[in-house]
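Student: I would like a close look at the ligand and what surrounds it. Please go on from there to the strands and helices, and state each cut-off as you use it.

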Amino acid sequence: MPTSAKKPIVVVTRKLPDAIETRMMELFDTRLNLDDKPMTPAQLVEAVKIADVLVPTVTDRIDARLLGQAGPQLRLIASFGTGVDHIDHDTARQRGITVTNTPGVLTEDTADMTMALLLAVARRVGEGERLVRAGKWTGWAPTAMLGARIWGKRLGIVGMGRIGQALAWRARGFGMAIHYHNRRRVPAETEAGLEATYWESLDQMLARMDIVSVNCPHTPATYHLLSARRLKLMRPTAIIVNTARGEVIDENAMTRMLRAGELAGAGLDVFEQEPAVNPKLVELDKVVLLPHMGSATLEGRIEMGQKVIINIKTFVDGHRPPDRVLAAML
Ligand code: 8YV
């Protein structure tokens, strides 16, 4: 990394909020992607050949093949986002490239969207909205559009990190009983405040929940954590919500079960092959589908950008950036 007055070359792969791009232009020799078309693999190769710092997003695959073509000047990948499963960390480490992310600032927004999906599926919000828009609503009826009550139901949270806990607080307000599975049990005070029940066995928890929400990162250990076998343990009346990563659920198995009536519904903001969505899911009324917008608020995007800037600036100034992603965290 240059220590002289020469500004570092920072390549940003997607369009960021104006205020963030302006600040980055002031601080660094920043190369923006103003038309916001995702970069092709060839464009990414060009980027890593010249960049001192790369600012990718979830839509870029920063794999071993790409990093193998990076110039020796590439020292920092300051990712715009919390999830880092699009980056090959082993290769980055071997090449001495530091990786940072933007944790914390999208917690509340993602938890809000998880609640929105949970409510939308249980109370058939998507179906009702489509009915009215299609001009097919013929009037109120006592047995029309009956959904499932949320109050008093059991919510099983898979992954009790920041977002899982933010969801739990919200769900408490909606009168739900909080259950969770996590690699580690959360502190006793947190558990007590939420009146949360910890399940060491994910299998046992899944079998007893009314609603299951996926809130863990996608890592090699969580790939298809909700496998076909585990999904079969769930009740046929259960609902699944996923605002984390599509890869945590075996999407084909879940789709088959939804079609067969072995699961009651799903609220999905993320998919295994984004932006492709399984057409068999699209056909189902009991499923609410969103285009990976869980953290999409203007405030959140600006705060993410500010974190990216702080991470770059700290690193360029020769210090340890605050949001360094360590292999041990994955
Ligand atoms: C972001 C996300 O919008 O931060 C994450 O992990 O999944 C999203 O909410 C996206 O990653 C930006 O790169």
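Tutor: A polar contact is a pair of N or O atoms within 3.5 Å, and within protein one of the two must be able to donate a hydrogen and the other to accept it, with residues adjacent in sequence counting only if both atoms are side-chain atoms. With that criterion, an N or O atom in the side chain of Arg245 is 2.7 Å from an oxygen atom of the ligand, a polar backbone atom of Gly83 is 2.6 Å from a ligand oxygen, and a backbone N or O atom of Phe80 lies 2.5 Å from a ligand oxygen. The protein buries 89% of the 320 Å² that the ligand exposes when taken alone (Shrake-Rupley areas, 1.4 Å probe).

This is a predicted model, in which local features need pLDDT of at least 70 and side-chain atom pairs count only at pLDDT 80 or more, while totals for chains, interfaces and linings use all residues. Residues are numbered from 1 along each chain as its sequence is written, and side-chain values use heavy atoms, with hydrogens and water left out.

Around the ligand (a heavy atom within 4 Å) stand Thr57, Val58, Phe80, Gly81, Thr82, Gly83, Leu106, Arg245, His292, Ser295 and Arg301. This shell divides into 3 nonpolar, 6 polar and 2 charged residues, where Gly counts as polar.

Turning to the strands (DSSP runs of E, at least two residues, whereas helices are runs of H or I, at least four, both numbered from the N terminus), an open sheet of 7 strands has the order 8-7-6-9-10-11-12 with parallel pairing (at least two DSSP bridges between paired strands). Strand 8 (197-198) and strand 12 (287-289) each have a single partner strand, so one side of each of these edge strands is left without a neighbour in the sheet. Within this sheet, strand 10 (residues 239-242) and strand 11 (residues 265-268) run parallel and are joined by 4 bridges, and Asn242 has Leu268 of strand 11 as its bridge partner.

Helix 5 (residues 107-122) lies across strand 6 (154-158), strand 9 (211-214), strand 10, strand 11 and strand 12, at about 150 degrees to strand 10, where contact means heavy atoms within 4.5 Å and angles, from 0 to 180 degrees, are taken between N-to-C directions of axes fitted to C-alpha atoms, for helices over the stretch in contact. Helix 11 (residues 251-259) lies across strand 10, strand 11 and strand 12, running at about 140 degrees to strand 11. In the loop between strand 11 and helix 12 (279-282) is Pro275, and the peptide bond from Glu274 to Pro275 is cis, with omega near 0 degrees.

An open sheet of 5 strands, also with parallel pairing, has the order 2-1-3-4-5. Strand 2 (29-31) and strand 5 (98-100) are at its edges with a single partner strand each, so one side of each lacks a neighbour in the sheet, and the twist averages 15 degrees from one strand to the next. Strand 1 (residues 9-12) runs parallel to strand 2 and is joined to it by 3 bridges, with Thr30 of strand 2 as the bridge partner of Val10. Helix 2 (residues 41-50) lies across strand 1, strand 2 and strand 3 (53-55), at about 160 degrees to strand 1.
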